[in-house]
Amino acid sequence: MKTNARAVVIGGGAIGVSVAYHLAKYGWNDDVVLLEKHELTSGSTWMAAGNVSFFHSNFYGTQVNMKSIEIFKELEKETGQNVGWHTTGSIRTADNPGRMDELGYAYSMNRCLGLDVSWLTPEEIGKMHPFIQTEGLLGGLYWPDDGDVDPNSVTQAMAKGARNHGVEINLHTLVQDIEQKENGEWLIKTDKGDITCEHVINAAGLWAPEVARMVGLEIPSIAIAHTHILYEKIQAIDEADGYLPLMRDPDKSIYLRQEMDSLILGMYEANGQQWKRRGVPWDYAQEEINPDLDNISDCIEAGMERFPILGETGFKHVTAGPITYTPNGDPLVGPAAPLKNFYHACGYSFGITQAGGIGHYLAGWIMNGEPEIDLWPMDSRRYGSYANWAYNTEKIADTYPRLYAHIYPNEFRDAARPNRTSPIYEYQKQANAVFGDYYGWECPNYFPPEGEDGYEDPSWRRTNAFTHVAAECRHAMEKVGIIDLTRFAKTMISGPGAKAWLDNMTCQKVPETDGRIALSPMLDHNGNFKSDMTITRINSDTFFCVTASVGKKHDQHWMLENLPKDGSVTMEDITYENGCLVLVGPDARKVLEKISYDDVSNDAFKFGTSREIYVGRTKCRVNRMNYVGELGYEIFHPVQHQIALYHALMDAGAEFDIKLIGMHAMDSMRLEKGYLAWKSEMNVHHTPLETNVAWTVKMDKDFIGKAGVEKQKNAGVPRKLVCMVVEAKDADAWGYNPIFAGEERIGMTSSGGYGHRVEKSIALGYVPPEFAAPGTALEVEILGRKRSAQVVAMPLYDPKNERMKS
Amino acid sequence: MKIFVCVKHVPDTAATIKIAGDAGFEDGEIKFVVNPYDEFGVEEAVSLVEKDGGEVVIVTVGKAAAAATIRGAMAMGAHRAILVKTDGQFLDSALTAKALKAAMEQDGLGDMVFTGKGSVDTESFQTQYRLAKSLGLPVANEISALSIDGGKAVAEREIGGGDKQVVEMGLPCVIGATKGLNEPRYPKFPDIMKAKKKEIKEVALGDLGIDENSGSIAIETLETVPERSGAKMIEGSVDDQVTELVRILKEDEKVL
Amino acid sequence: MAKTGILIETENGAVKDTTLGVMTAAAGQEIVALVMDANPADLKDKLAEYGAATIVAVKAGAGDIEASPDLAAECLAAAVGECGLTALLGTASATGRDLFARLAAILDAPMVSDCVSVDLAAKTAKKSHFSGKTFATLKVNADLFLATVRPNAIEAVAAPAGGEIVEFTADVADPGLVTVKEVKRGESGKMDLTEAPVIITGGRAIKAAENYKMLEDCAARLGAAVGASRAAVDAGYAPHSMQVGQTGKTVSPKLYIACGVSGAVQHFAGMKTAKVIVAINEDKDAPIFAKCDYGIVGDIFDVVPKLTEKL
């Protein structure tokens, strides 16, 4: 075994082998080593059903699947090793309107990617699958290019390719410990000797949590016994030519595909059994688990209802084996915070489908420093420390049976909650809050009136929350309200090098005077959005930086990675010591004036500035800015004072009819203001030049990503962010809606919703510059239907920002 | 006809056997199945009863967990079952035969007894002989063809090299079934569900007057055979390679 | 010295080689060779060479031993008593397995089947449990030690002894429960995969259905059955009934020769309990080489015909 390598991949399943293969193929060649404690595929890959399809609930996940299919089809040519690919096509059915909406979302999102996908009627479905009973179906989607592979063959083919490109694959080599050396290199200790390397990729599948633990990390991945059933030979299949399409009936939580002369039925049962709660033993390898037929009988019966032949066909083999699951069913990929050059590629529940693609994308990410597509939905940093073992255990019990459940953009499940709460959580509850969870935080989405049901119907369409959200928006526009943003990520940057360092981290100029605030995008090496923060200068050496709560780990990891080693800059996470209540609305100042010991008049406390003042008895850092476009104040405060502060504000605000306002209203209002949202408008595919924050790019200084921005500037900005008003009646855009000019698909929405203050359905999206002029008539496809849309000047609401500055 | 089928609860042949203690194995989580040879017996018995009427009774000696395996046999069409419960993992053949006999006597003797030719766990290949002897019945093992006519059974016994010995017996008799006798059916889900409702009568070994610890064969140690860890590669020209391979297979491994 | 009996098996009037190994298992004991199916005089030299102090020709007083396996077992039981044996060993052949099981039932004595080694002094025997995945060492707590020994498990070593021939006619009644009517000679057709002692399997490298003929030729010489990997079945080169592996058949032959099989985990699930696994593959990195006993890197179209020729 080598003692030195550039990259070491831990784990020889489909994922690990793919990552090693791509790293080598793209140029690291024999500088890549793979360590596998048993044989290739012996963790979960061996029992995978091998379905490979384009469908993924997420836009970027779909692209990973697309890449996999492309790679799998090419592998045999490159390696000479067959992968057992069959193009079978696949059908996803719906038996209720909600599911039809979900298919509509998938249809529209897939069309953004140019995929071949089409609608089927129940009759058409019946013609394509001789064994299906179509009663009750409303329709389905058909992807003709889907298929299946032999999971083992595809892994072996990638292993062969990897070896051809120089990868050293060491089987029966158990990683026992991992240490980081002084110089940042990793020392991996195995039972066959030590190996030093620059990059480590944790693709250890079932054992990924153990490998993570070796470097001090806790990752939310557990094993669940997944079951599929191979039926005995079915004469009609044996005699037929061609392959039956893969069938997914998500309403029955089953899939069915042809295997040789018969069928395989797989399922996500209601009570998924967690396997080896406290960790999978190291010596486990390719062993079937005792199947629990009682536990899956509902799914089997559902399968028989949809495919009656299953009731007349014997079980040839029931295979149950462990597969990893994360709290939301999506994997854990990418840089592992807070480490440098340590990556995860684990937590896969649909690993075969994604193996090829993720190998390609992660290898590129590792080698180039930035991902080719935005992999945030699978980024391991989307989970904070709240996503510990116990959380995961409770959460996955809810997620597993719902892997085929409806995907709704507005659904927040009750499982494994609450985790993080603001001190005023109980008051929010008393105010009848309907909560969402964001990065583990309980945060009110909206406040229905007392006596109204505290539950938002999950839907792709406008919901029962609509009128209540409208009322909250009106309240912010006419009176005054409080938005709880305690969950904001807050980082204090200080030291003699702080300003210079921050200046390099953002394209914006770091404020030059104390108490100034600057909206400061951070860009990646290509000049695309990495993140976005507001920097408040406290003094010449101290800066208070606020970033999105969900991006906390991601953003702070980025800062940490770039932090100078000489100690000239200190980074302190003050998120959990500080709350934030945002006072918004035309009466906000009146409320503040009543209880502040300081002068908060417009002259004394201007828009875009920050002051340390007393609000009631609490000494607060107050930033006069907000995300909704009204007169407002972000009041940061020591979290232990929050209830006192809350009472002070509520008491003072009583005469102005002060009310709590939720996330839905905030999101509606930010759309009206054209404020960008992280990972919607601001992601790795766009530079600020394409957006309405192009003004934050200061080309007269150096910063990370400048070259990329410059390049785009010189080449011409290829697309622009526009705001569109959509002729939508009951369903608004959500993002990933294709935008059409006539028959031509010209772009995609980044987000959308209803603007209650302007009373219009709004979509933000990127289109080529020639379509960006206000007045341009376009169409936006929502849930599979095209709707007229018109480009309008941004922002729609209060274009001169008079209200904020009043 | 009333037919008994002796079914053993054994680890799946694909399961990894992990040793526990000196002479046991970890049986908590591995997959257990109906002893594959016993399936031929179940199939034969069920087919006979389907043709001529009667009932098929499964008799199993084993730990409580064997009930799940018995359900598998009943899903193939057996009507009910008797489980003689033991505490230990292994019971020697003589005691197993005693237990089977006692259970059958308690239930009322039948017209036929089927077993598999042997079990894939302890591979002792003798319980059916001991059972037959104690019941005073004829026994034939490794049976791959069977016909029953006029109170007689004519069976074909596999004696190696593709040769078959044809034997004749009176009824009742004990038949040790093997591959070729039939194609055991794969249970359909509705049959599996029906099997859940079928009766399993549980009897403790001690209640049949058998002392579990009175066996005359004891396992002193159980050890795993190490997994292969890489081939001995045979080098040289094709001629040299093949010559060496044939020598190894004949002289070293003695498999040719 | 304790007296150990050995049940002698013969073929065409000569001692079977496998029996000689069983005699060696009793080295150090006074060996009594029990002959039931041949003329002891014809066997004397060989049996004496391999340690038989006495050769006992066991006969039935009445009835046909050949036609009544229970009678044969009764005679053997009587001989055990007559000769004062403390142990009796046989071969775990089709005949030996049946006869010893009947004998053990008659004597109500413990018996260990298919041992790979025995220690007569300690009264222990080692044998396979769980399809070859484990070995169990069994202790027999009885005056008489009965066991059958796996053919070829113990190498025969010459140990000359007297080889005095005596006759014993057992005065036993034929239970008459089972009657052997005839022996059907096997057809030399294709052998069944699951029962085959030797299997030769073709993987995807076989490239075409007609190339299985090459494996069949080799199989005919080996007395083997022919199998296929999933990839070969999937490619349409072989029917599904030939597939070995997780979604095919599970086999446990004494010799498994994999030709152009990459060695999927699923394939191993179907054949890893084979006693000896040989792999022939062009790709030196093929995973199968990590998990088999002997490997040849080479083109199956060169190696297999050569193997057929040399067998």
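An open sheet in chain A of this predicted model is built from 5 strands in the order E25-E26-E27-E24-E28, with antiparallel pairing. Strands here are DSSP runs of E with at least two residues, helices are runs of H or I with at least four, and both are numbered from the N terminus. Two strands count as paired if DSSP finds at least two bridges between them. The edges are strand E25 (517-523) and strand E28 (570-573) of chain A, each of which pairs on one side only. From one strand to the next, the twist averages 30°, with axes fitted as lines to C-alpha atoms and angles taken from 0 to 180 degrees between N-to-C directions. Within chain A, strand E26 (residues 529-539) and strand E27 (residues 542-547) run antiparallel and are joined by 6 bridges. A:Met533 has A:Thr547 in E27(A) as its bridge partner.

Residues are numbered from 1 along each chain as its sequence is written, and chains are lettered from A and ligands numbered from 1 in the order in which they are written. Local features need pLDDT of at least 70 and side-chain atom pairs count only at pLDDT 80 or more, while totals for chains, interfaces and linings use all residues.

Chain B has 6 helices and 15 strands. Its C-alpha trace spans about 65 × 45 × 40 Å along the principal axes. Of the 256 residues in chain B, 50% are buried (20 or more other C-beta atoms within 10 Å of the residue's own, with C-beta atoms placed from the backbone). Contacts require C-beta atoms, placed from the backbone, to lie within 7 Å. Among chain B contacts between residues at least 6 apart in sequence, 72% join residues at least 24 apart.

Chains B and C meet through 60 residues of chain B and 71 residues of chain C. On the chain B side, elements that each supply at least two residues include helix H4 (127-135), strand E9 (139-149) and strand E11 (164-170). H6(B) gives the largest share, 9 residues. This side has 28 nonpolar, 15 polar and 17 charged residues (nonpolar: Ala, Val, Leu, Ile, Met, Phe, Trp, Tyr, Cys and Pro; charged: Asp, Glu, Lys and Arg; polar: the others, Gly among them). Strand pairing also crosses between these chains: E11(B) runs antiparallel to strand E12 (residues 178-184) of chain C, with 6 bridges. There, B:Val167 is partnered by C:Val180.

Chain C also touches chain A, with 15 residues of chain C in contact with 19 residues of chain A. Helix H6 (230-234) and helix H7 (265-271) of chain C each supply at least two residues. H6(C) gives the most, with 4 residues. The chain C side comprises 7 nonpolar, 4 polar and 4 charged residues.

Definitions and conventions
A residue is buried if 20 or more other C-beta atoms lie within 10 Å of its own, exposed if 12 or fewer, and partly exposed in between; C-beta atoms are placed from the backbone. Two residues are in contact if their C-beta atoms, placed from the backbone, lie within 7 Å.
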